[in-house]
Structure formats: C-alpha cells, structure tokens
Amino acid sequence: GVQGASQLEAICTVRKIGEVRVFDTDGKAAEKFAREMAGRGPIPDKVIAVGSPKEALSGADVVATATTSPTPIFDGDDLSPGVHINGVGSHAPKMRELDTKTIVRSKIVCDAVEACLAEAGDLLIPIEEGAFKESDIHGGLADVISGRLPGRENDEEVTLYKSVGLAFQDAVTALHTYQKAKSEGLGVEFEF
C-alpha cells in the first residue's frame with residue numbers, strides 16, 4: 001500500500017540498501033509491489049517477494065511494518081541483532097503488528113510518547129500483560145534528534161521507531177512540498 005511504498009522510498013533515501021524483501025499474506029500483492037518498486041528512485045533493483053515473515057527478516061538490517069493487522073505479523077525471535085524497525089501500521093489500542101518479544105528487546109523511540117501510550121496496541125498490550133512498562137520507552141523522536149537522548153548505542157542493539165502518525169507531521173510535509181514546488185515553479189496558485 002501507500003505506507004509501504006513511502007516507507008521503502010524513505011528508507012532507501014537515507015540508507016544504502018542493497019536488497020529488499022517483501023512479505024504480504026497475499027503473495028500476488030507482494031509480487032506486484034516488488035515489481036512496481038524495483039529500481040524506483042533510490043530503491044535498488046533487487047526487490048524480492050518472499051513466502052514468509054521469517055524469510056523477510058533473515059539477516060535484515062531494517063524492517064518496516066505498515067499493516068492493519070490486529071495481531072503480530074512476525075516472531076520477535078526472528079529479528080537479527082542490530083536491526084532497526086519502523087512500526088507505523090498499528091494505531092489502535094487493541095491492534096498490534098509487533099509481538100511482546102519485539103517490544104521487550106527493543107530500544108523504543110516514539111513519534112510522540114503520549115500519543116503512542118494512547119493509541120499503540122504494540123505498546124499497550126505488552127504493558128497490560130505486565131511484560132513492559134511505560135518507563136521502558138526510551139523517549140520521543142524529538143529528544144533523539146535534538147541530542148537530549150542518545151540513539152543507537154551499539155551495533156547489537158535492536159531499535160524501534162513507533163509511530164501512530166501526528167497531524168504536525170502532515171503539516172510539515174505539506175509545507176516542505178509547497179516550498180519545493182514554489183522554488184521549482186511547479187503548481188498553480190489559487191485562493192480559497
């Protein structure tokens with residue numbers, strides 16, 4: 001979907017990615033996504049549809065989840081040491097893409113801690129289970145970007161960015177897009 005394509009393009013824009021593995025419960029959808037995304041912009045030519053979450057995760061350095069699944073989509077034991085996860089799909093208290101093992105073993109940075117504690121089943125369910133505490137969340141993205149909190153501290157650390165989506169992110173993106181279009185003479189100006 002749109003989130004998967006956007007996540008893939010963003011990851012490949014900021015990191016040199018050599019191979020992408022895609023899993024979807026609908027194999028035909030995964031194959032179509034792989035064909036459409038291969039070689040697009042910064043995305044490598046090697047985009048492969050795989051048959052299982054375990055195959056997608058094997059040796060992966062970066063994992064992006066962007067689903068509407070109400071239950072975990074992979075086993076946290078299948079994650080490689082040092083992997084980074086972008087968890088952007090789960091956005092309701094009873095919905096989760098990530099299992100408790102993944103949450104417990106990760107250094108978690110949220111787009112906004114308060115929003116994640118209100119909406120992210122990925123965090124709320126392990127808290128309800130007693131396996132995880134609010135205080136286990138490392139912090140918010142702004143704290144890491146500003147240097148108030150460290151990001152990754154070693155090569156073995158599993159890091160997780162949990163996002164539920166915030167209106168200000170949309171506003172900043174719209175402003176950036178507007179400024180870029182204006183500087184390149186694109187678009188049509190009009191008044192409401």
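Q: How many of the residues of strand E7 (residues 158-162) are buried?
A: In this predicted model, both faces of E7 are covered. Val158, Leu160 and Lys162 are buried on one side, and Thr159 and Tyr161 are buried on the other. The count for E7 is therefore 5 of its 5 residues, with buried meaning under 20% relative accessible area.

Q: In which order do the 5 strands of the open sheet stand?
A: E4 and E7 pair in the parallel sense over 4 bridges, and 5 bridges join E5 to E7, also parallel. E3 is joined to E4 by 4 bridges, while strand E5 (residues 106-110) pairs with E6 over 2 bridges. The order is E3-E4-E7-E5-E6.

Q: Which strands stand at the edges of the sheet?
A: The 5 strands form an open sheet with parallel pairing, in the order E3-E4-E7-E5-E6. An edge strand here has a single partner strand, so one side of it is left without a neighbour in the sheet. The two strands in that position are E3 and strand E6 (139-140).

Q: Which residue in E7 is the bridge partner of histidine 84?
A: E4 and E7 run parallel and pair over 4 bridges. Lysine 107 has threonine 159 as its bridge partner in E7. For histidine 84, the bridge partner in E7 is likewise threonine 159.

Q: Which side chains of E3 point to the buried face?
A: The side chains alternate along E3.

Q: Is threonine 65 buried or exposed?
A: Threonine 65 is found in strand E3 and stands opposite glycine 87 in E4. Leaving aside residues up to four places away in sequence, threonine 65 touches Ile73, Phe74, Asn86, Gly87, Val88, Gly89, Glu97 and Leu98. Its relative accessible area is 2%, so threonine 65 is buried.

Q: How far apart in space are alanine 34 and isoleucine 11, C-alpha to C-alpha?
A: Alanine 34 lies in helix H2 (residues 27-37) and, at 6% relative accessibility, counts as buried. Not counting residues up to four places away in sequence, alanine 34 touches Val47, Ile48 and Ala49. Alanine 34 and isoleucine 11 are 23 residues apart in sequence, and their C-alpha separation is 15 Å.

Q: How many disulfides does the count come to?
A: A disulfide needs a pair of cysteine sulfur atoms within 2.5 Å. By this rule the count comes to 0 disulfides. Cysteine 110 is in no disulfide, the nearest cysteine sulfur being that of cysteine 116, 3.7 Å away. The number of disulfides is thus, with that cut-off, 0.

Q: What is the relative accessible area of cysteine 110?
A: Cysteine 110 stands opposite glycine 140 in E6. Cysteine 116 is buried, with a relative accessible area of 0%. Cysteine 110 is buried as well, and its relative accessible area is 0%.

Q: What kind of aromatic pair do phenylalanine 190 and phenylalanine 192 form?
A: The structure holds 1 aromatic pair. Phenylalanine 190 counts as exposed at 60% relative accessibility, and phenylalanine 192 counts as exposed at 97%. The ring centres are 5.3 Å apart and the planes are at 65°, so the pair is edge-to-face.

Key. Residues numbered from 1 in each chain as written. Predicted model: local features only at pLDDT ≥ 70, side-chain atom pairs only at ≥ 80, totals over all residues. Heavy atoms only, no water. Buried < 20%, exposed > 50% of the residue type's maximum accessible area, 1.4 Å probe, protein only. Contact = heavy atoms within 4.5 Å. Phe/Tyr/Trp six-rings, centres within 6.5 Å; stacked < 30°, edge-to-face > 60°. Pairing = 2+ DSSP bridges.
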